[in-house]
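This report covers a strand and its neighbours, then the aromatic contacts. Have the model open alongside.

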Amino acid sequence: MKIAIINGPNLNLLGIREPGIYGRQTFEDFLKGLREKYPEVQIDYFQSNVEGELVTELQRVGFSYDGVLLNAAAYTHTSVAIGDAVSAIKTPVIEIHISNIAAREEYRLRSLIASKCVGTITGLGLKGYELGLLYFL
Ligand code: DQA
């Protein structure tokens with residue numbers, strides 16, 4: 001099984017960035033543990049702060065992978081292009097948020113991606129990525 005994790009802007013700063021909201025673990029550290037726990041799954045990871053690069057990566061994985069775990073970060077709330085890419089590809093996508101976007105600022109309530117995904121996991125911390133992986137398994 002091939003799963004792609006795609007993270008958007010500022011998620012390269014996990015562990016440093018607002019730890020009260022996003023926790024103290026780096027994504028690299030979390031990913032190492034995830035790969036060790038699920039050695040039978042090929043877990044590819046891509047992070048970018050650039051909207052178009054996220055679209056390109058969705059297109060790259062979106063016709064051959066078994067699932068995508070997408071945390072588009074702030075682009076969730078603004079990006080028609082990323083929402084369109086999710087609609088355009090064949091691979092099912094789960095939208096992930098580390099924090100509970102329903103319990104934060106009002107502008108985070110709107111997702112331009114959610115309706116194109118098989119589901120959304122929000123507010124469960126990094127565990128949300130593992131739960132998304134288990135869904136695909
Ligand atoms: C986030 C929530 C977004 O609103 C925010 O812009 C992020 C991270 C999350 O994982 O909780 O950068 O996607």
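His97 stands opposite Thr122 in β5. The model is predicted, so local features need pLDDT of at least 70, side-chain atom pairs count only at pLDDT 80 or more, and totals for chains, interfaces and linings use all residues. Residues are numbered from 1 along each chain as its sequence is written, and side-chain values use heavy atoms, without hydrogens and water.

**Strand β4**

Four bridges join β4 to β5 (residues 119–122), and the two run parallel. Strands pair if DSSP finds at least two bridges between them. Helices (H or I, at least four residues) and strands (E, at least two) are DSSP runs, numbered from the N terminus. β3 (residues 67–71) also pairs with β4 in the parallel sense, over three bridges. There, Val68 has Val93 as its bridge partner.

**Aromatic pairs**

The whole structure holds five aromatic pairs. Ring centres of Phe, Tyr and Trp (its six-membered ring) must lie within 6.5 Å; planes under 30 degrees apart are stacked, over 60 edge-to-face, the rest tilted. Two of the pairs are tabulated.

| Pair | Centres | Planes | Class |
|---|---|---|---|
| Phe30 and Tyr129 | 5.9 Å | 55 degrees | tilted |
| Tyr135 and Phe136 | 5.7 Å | 70 degrees | edge-to-face |

Tyr129 is buried at 0% relative accessible area. Tyr135 is exposed at 55%.

Note on methods:
Buried means under 20% relative accessible area, exposed over 50%, partly exposed in between (1.4 Å probe, protein chains only).
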